[in-house]
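Subject: Structure handover

Hi,

Please take over the structure below. My notes on what was found follow it.

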Amino acid sequence: MRMSQLFAPTLRETPAEAEVISHQLLLRAGFIRRSSAGVYHYLPLGHRVLQRIMAIVREEMNAAGGQELLMPIIQPAEIWLQSGRWHVYGDELFRLKDRHQRDFCLSPTHEESITDLVKNNVSSYRDLPMLLYHITNKYRDERRPRFGLMRGREFIMKDLYSFDRDEAGLHESYMKMYQAYMNIFRRCGLTFRPVEADPGAIGGTGGSHEFMVLAESGEAEIVYCDACDYAANTEKAECKPQVTAGLPPLPAEQVATPGQKTIEEICNFLKVAPADTIKTMIFRADDDLVMALIRGDREINEVKLKNLLDCLDLRMATEEECREVSPGGAGYLGPVGIKDIPIYADPEVMALTRAVAGANAPDAHLIHVCPGRDFTVKATADLRLVQVGEPCPQCGAPLKKARGIEVGQVFKLGTKYSKALNCTFLDEKGQENLMVMGCYGVGVSRTMAAAIEQNHDGNGIVWPMAIAPFQVLVVPVSNKDAAQMEAAEAIYKELNAKGIDALLDDRAERAGVKFKDADLIGIPVRITVGNKLASDGVVEVKLRRGGEQFTAPREDVVAQVQ
Ligand code: ATP
Ligand code: MG
Ligand code: MG
Ligand code: MG
């Protein structure tokens, strides 16, 4: 591409409406232009970056077994009424009517759409698992569209949906996507962290992770642990257990105190015989015997443990059973603790007759657990486990705080949408089952902005190589010097022939202007053809990141930057 022909209108001044650096630089360097609040044109440079991010996303989705399709943006209200989200989504949903006064919306996400599609066209266990994705515009009438591409009302998302026959299958699909997301953001050259997240409006009971690009301008607050891999969105970390609301406070004498570890002690304390009364006893979550068991506290000897479990109508679950019973599936077999209780307390989970409570080790789960009977959940304030300086719930080291930009999120949906839209398959025995779903989103356009928040300096953008609009910029210093122009042209052609995306600054501008624009646009490698060509037969190579500079013989330079 020749810069004289490139549609990249740069701006000297920082536009007043742009608060964050990515928005300022995207406007100034000519990557985007505003159409209306939260809606943007992507100009050729911006479009190139999007294409690069999408190419990485596509490769990783395809490698993980995803199949690309393209779903409509205009959605009929019927399926949104079926899922219940027509009303729940509120003002963020862009709604419209056709000429017959029928209701439609512009899709903010595609769970309803894809479930409807799969329901009508996939019916056998043989077709599962199925992973389908697309990369397309999404529409959300955000309360505060701002920060340019970071929070748009029209934005580009890659969303993949997984359909499995059971929780174990979902867990496998989830882990595949989790790994693919790690690959995507690493390949984009970003510093990021996966964090435990609240499933939010998308719903589902099985857990969720967000991928956070670490940046001060991020709207999300996260806590993380240096000593282990624990990290969570503070929204999740402070999440509220719903179950407490309906429970009466415990009479003081019925509260088991810390350190009470044996059934005899508890029965003594309550002045009852083990078999009859203890079933109805309510334990405090944090310090009672049941929680000690649930946490895998092995101080209690086997016989006492067995007695207690019998009394409570509980028994230890096998790993298989956990997978089969728990909506969280095998996810609960990992390190879990009190922070997961809100999930068990979910009404959908409570409705399951064989609820499982997790432990920090395989085969240390209790089945037939009844929150409220076997333990209560402490009040919200007490559950704010993860604060800066407070101990990590996983390893005890002090937690730290950071800000992040959410560039992606993965969810275990379970059967929320398949139930609502009746999306079923027939198993080997001819029995009908609900498909078990997951969904996985990458904010493609937000990733472009996040990359700039993390990679810029006082002069402009510093693109990571993998997502830069061009890899190399060739700048002849003087347009009037025929030898310089000729060499620059030849280097440009050589680069392109080698498959390196190059941009040639062939404009009749002063060198100072060209260099300023070069820094602003942020192409990783600049080759400058100047006076040293005539005197020494060399050109200058400069790296945008770090500013390292060296000279190279004109003939060698392409091989050297390759
Ligand atoms: P946020 O918490 O920032 O509002 P979200 O959790 O509502 O985002 P998801 O429903 O998880 O978003 O959508 C998947 C991805 O789409 C997000 O991780 C984010 O990268 C991107 N995204 C969501 N909303 C926007 C937006 N308004 N503008 C640009 N990208 C967005
Ligand atoms: Mg949102
Ligand atoms: Mg979010
Ligand atoms: Mg999200």
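Start with one residue pair: Ile 527 stands opposite Val 541 in β25. You are looking at a predicted model, where local features need pLDDT of at least 70, side-chain atom pairs count only at pLDDT 80 or more, and totals for chains, interfaces and linings use all residues. Residues are numbered from 1 along each chain as its sequence is written, while chains are lettered from A and ligands numbered from 1 in the order in which they are written.

The sheet

Strand β24 (residues 525–529) pairs with strand β25 (residues 538–543) in the antiparallel sense, over four bridges. Pairing here requires at least two bridges found by DSSP between the two strands. Helices (H or I, at least four residues) and strands (E, at least two) are DSSP runs, numbered from the N terminus.

Both strands belong to an open sheet of five strands, in the order β23-β22-β24-β25-β26, with mixed pairing. At its edges are β23 (502–504) and β26 (549–553), each pairing on one side only. From one strand to the next, the twist averages 25 degrees.

Helix α18 (residues 482–497) packs on the sheet and touches β22 (472–476), β23 and β24. The directions of α18 and β22 make an angle of about 165 degrees. Axes are lines fitted to C-alpha atoms, for helices over the stretch in contact, and angles run from 0 to 180 degrees between N-to-C directions. Contact means that the C-beta atoms of two residues, placed from the backbone, lie within 7 Å.

Five bridges join β25 to β26, and the two run antiparallel. Lys 542 has Gln 549 as its bridge partner in β26. The two strands form a hairpin with five residues between them. Gly 546, in the turn, has a positive phi of about 85 degrees. Is β26 covered or in the open? Zero of its five residues are buried, so β26 lies largely in the open. A residue is buried if 20 or more other C-beta atoms lie within 10 Å of its own, exposed if 12 or fewer, and partly exposed in between; C-beta atoms are placed from the backbone.

The helices

Helix α17 (residues 444–454) is mostly covered, with eleven of its eleven residues buried. Arg 446 and Glu 453 are among them.

Helices α2 (residues 44–63) and α6 (residues 167–187) pack at about 155 degrees, their axes 9 Å apart. That makes them roughly antiparallel (under 35 degrees is roughly parallel, over 145 roughly antiparallel, 65 to 115 roughly perpendicular, the rest oblique). Ile 56, Val 57, Glu 60 and Met 61 of α2 meet Ala 180, Asn 183, Ile 184 and Arg 187 of α6.

Backbone points to check

The peptide bond from Leu 128 to Pro 129 is cis, with omega near 0 degrees. Pro 129 is in the loop between α5 (111–121) and β7 (130–139).

Phe 147 is not a glycine, yet has a positive phi of about 60 degrees. It lies in the loop between β7 and β8 (154–164). Phe 147 is buried, with 21 other C-beta atoms within 10 Å.

Asn 422, also not a glycine, has a positive phi of about 55 degrees. Its loop runs between α16 (416–421) and β17 (424–426). Asn 422 counts as exposed, with 12 C-beta neighbours inside 10 Å.

Best wishes
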